[in-house]
Amino acid sequence: MNNYHKTKRRDFLKLALAAGFSTYFLDRGKSWGQNPPDTSNKADLILHNARIATQDDRRSFAEALAIRDNRFLAVGTEKEIMAYRGDNTQVIDLNRRTVIPGINDSHTHLIRGGLNYNMELRWDGVPSLADALRMLKEQARRTPAPQWVRVIGGWSEFQFAEKRMPTLAEVNAVSQDVPVFILHLYDRAMLNGAALRALKIDRNTIPPPNSVIEKDSNGNPTGMLIAKPNATILYAAIAQGPVLGLEDQINSSRHYMREMNRLGITSVIDAGGGGQNYPDDYQIIDRLHKEGLMTVRIAYNLFTQNPGEEKADFERWINIANPGQGDDFYRLNGAGEMLVFSAADFEDFTEPRPDLAAKMETELTDVIQLLAENKWPFRLHATYDESISRFLNVFENVNREVPFTGMHWILDHAETISDRNIERVKALGGGIAVQHRMAYQGEYFMERYGTKATAHTPPIKKMLAMDLPVSGGTDGTRVASYNPWVGLYWLVAGKTVGGTTIYPEANRLDRLEALGLYTTAAAWFDNQEGNKGAIVPGQLADLAVLSEDYFSIPENRIKHLESVLTIVDGKPVYATEEFSNLSPQPLPVSPNWSPVKYFGGYHNDSKISFISPTPSKQTASIIANSQSQQHLGLSSLSMPGSLSRFWGGLACACCY
């Protein structure tokens, strides 16, 4: 895909106005019959015989659309749109399928995730623990030394038919001598014996503060690493594993974007991450952008990497970069989600809420004042209302001296934010980006805080009622999955991935409203209002044609939706089923042993190909004889020894 030499938006709008589009684009209350457009400007592409959810101001549906260059030219009835057909126009019959604007995930970690995607075995959406263990067994067979098998988040034991996590005995039985690392949310990781040996974790290893290495009755590590609640122990461990080579990282990033296209994602806001330093760790995505190989638009935020030196990081970046620099495919969005490490309020709901350090206000004030003075939009990870109150005190104090006017600043997550703090966010001109983390952790939250508190966590209906900018995202990949349809299911059905109802009907969204959070509403969060998010003339031509009708299928089917045709910048980037002839050229997976080659990404029955369809006798015996774990049950813990050689001096929670 060539990202250059595109028609500039202002030039397109001049063309649109000249063509008479004021009837739809500038004055949508009128009809084309009263002021018909000039159809002499012919379309490059027409899609028709469809049910198009335009997400325009009227929440209207259309039958057909026309695309010229990389923007929507016209939207309307079959008759109206066919008037734009010229000799060179490609016309595609969508067979009455549902069309939506391309999904914009307002909080994810695509850049980091892309570098690792081809290395990771994904349990996202896998329906049973037995299936997950079979996948692990087969991948262990084909993974060469010194590589590991890694399951890095995106799953919950409640999605499994067995409603439990694997035991360490089960993991060891199917993986043998290949190191295995399995991340569960932000609360623990399971390592087999080979991984313990690779990391040199033994009875003398000391964990970092607020974390635990589980030991057996003899004082030996079992393979369970536990955040209590600091997740340094988890990410320091996975950071010790081998990485892919340069060309494999490029291939991996392309496959990850193609996987997002499969799910109808056309844009994301990348929230940075631990170990993702700018500009060094952006070289792969920079190269893909320069070569015109991006199939997902990315607005990226810069995440500080140095505890105690956060202000210096942002001073350096302010000197070399500016928010908004780039183009419609790749642009800098601002700062965050980590602004200062002392503000990290870990969202491990298996543990009590952490209290933030007393120094947080001073450190955060220095950074926020710097960003406000330089008009850098920012976002901040904020789980608990108690933390949010302290953050807002800082923001209000800075705002008195340096107004936040027009900055589009963001709080991320905000599961337990109060009505009063929603009002404070609105008064300061901020927005709240919510993600479907509760779909994966709702059972844990309910057990700790009760049903009543869970029922409005986060209080999205109240945010919307207060006319606050609110958007939807996934926070993929390390806690929740990158699949936005799980988020839409969560918002509409009010249920977790395990089917537990956590929200009463009064706190759920209707389907159009939920979809809006992932399309039109998300555009505010990367300063792209009016440029993308809706299927209306003049906006970027990004859309997804769905596998089923989102608006009529049973709620449980929403989380299984995919795209059968995804268009970005006016061109197909993913196509299957009756549109397979439109699919881009196949992209081989590298390295050859990659789990993606054999299992794909988010679970799809057609992509699973086990060498052994059933567990071995040894594995079956262990599964049959294992005690079903209580989902919060842990064995007795002890912490002797020295850990400095393992953690490599890491003292921060680079866990997002």
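Me: A helix crossing is left-handed if the near helix is turned anticlockwise from the far one by less than a right angle, and right-handed if it is turned clockwise; which hand does the crossing of H11 and H12 have?

Reply: H11 passes H12 in a right-handed crossing, so by this rule the near helix is turned clockwise from the far one. This is a predicted model, in which local features need pLDDT of at least 70 and side-chain atom pairs count only at pLDDT 80 or more, while totals for chains, interfaces and linings use all residues. Residues are numbered from 1 along each chain as its sequence is written, and side-chain values use heavy atoms, with hydrogens and water left out.

Me: Why are H11 and H12 called oblique to each other?

Reply: Their axes (lines fitted to C-alpha atoms, for helices over the stretch in contact, with angles from 0 to 180 degrees between N-to-C directions) come within 9 Å and cross at roughly 40°. Angles under 35 degrees count as roughly parallel, over 145 as roughly antiparallel, 65 to 115 as roughly perpendicular, and the rest as oblique, and H11 and H12 are therefore oblique.

Me: What makes the contact between H11 and H12, and which residues belong to it?

Reply: Contact means heavy atoms within 4.5 Å. H11 brings Met360, Glu361, Leu364, Thr365, Ile368, Gln369 and Ala372 to this contact, while H12 brings Arg390, Phe391, Val394, Phe395, Val398 and Glu401.

Me: What makes S17 and S18 a pair?

Reply: Two strands pair if DSSP finds at least two bridges between them. S17 (residues 379–382) and S18 (residues 410–413) are joined over four bridges in the parallel sense, so they meet this rule. Two positions show the pairing: His381 stands opposite Asp412 in S18, and Leu380 has Leu411 in S18 as its bridge partner. S18 is also joined to S19 (residues 431–435) by three bridges, again with the strands running parallel, and here Leu411 has Ile432 in S19 as its bridge partner.

Me: Why are S17 and S20 called edge strands?

Reply: The four strands form an open sheet in the order S17-S18-S19-S20, with parallel pairing. S17 and S20 each have a single partner strand, so one side of each is left without a neighbour in the sheet.

Me: How does H12 run relative to S17?

Reply: H12 lies across S17 and S18, and its angle to S17 is about 155°. That value is over the 145 cut-off, so the two directions count as roughly antiparallel.

Me: What makes the pairing of the five-stranded sheet mixed in its record of strands, and which strands stand at its edges?

Reply: This open sheet has the order S9-S10-S11-S13-S12, with mixed pairing. One of its pairs is S12 with S13 (residues 221–227), which run antiparallel and are joined by four bridges; within this pair, Ser211 stands opposite Ala227 in S13. The edge strands are S9 (149–152) and S12 (211–215), since each pairs on one side only. The twist averages 15° from one strand to the next.

Me: Where are the cis peptide bonds, and what are their omega values?

Reply: One joins Ala145 and Pro146, with omega about 0°, and Pro146 sits in the loop between H4 (129–142) and S9. Another joins Gly336 and Glu337, with omega about 10°, and Glu337 sits in the loop between S16 (330–335) and H11 (360–373).

Me: What is the phi of Asn49, and what is that of Asp467?

Reply: Asn49 has a positive phi of about 55° although it is not a glycine, and its place is the loop between S1 (45–48) and S2 (51–53). Asp467, also not a glycine, has a positive phi of about 60° and lies in the loop between H16 (460–465) and S20 (470–473).
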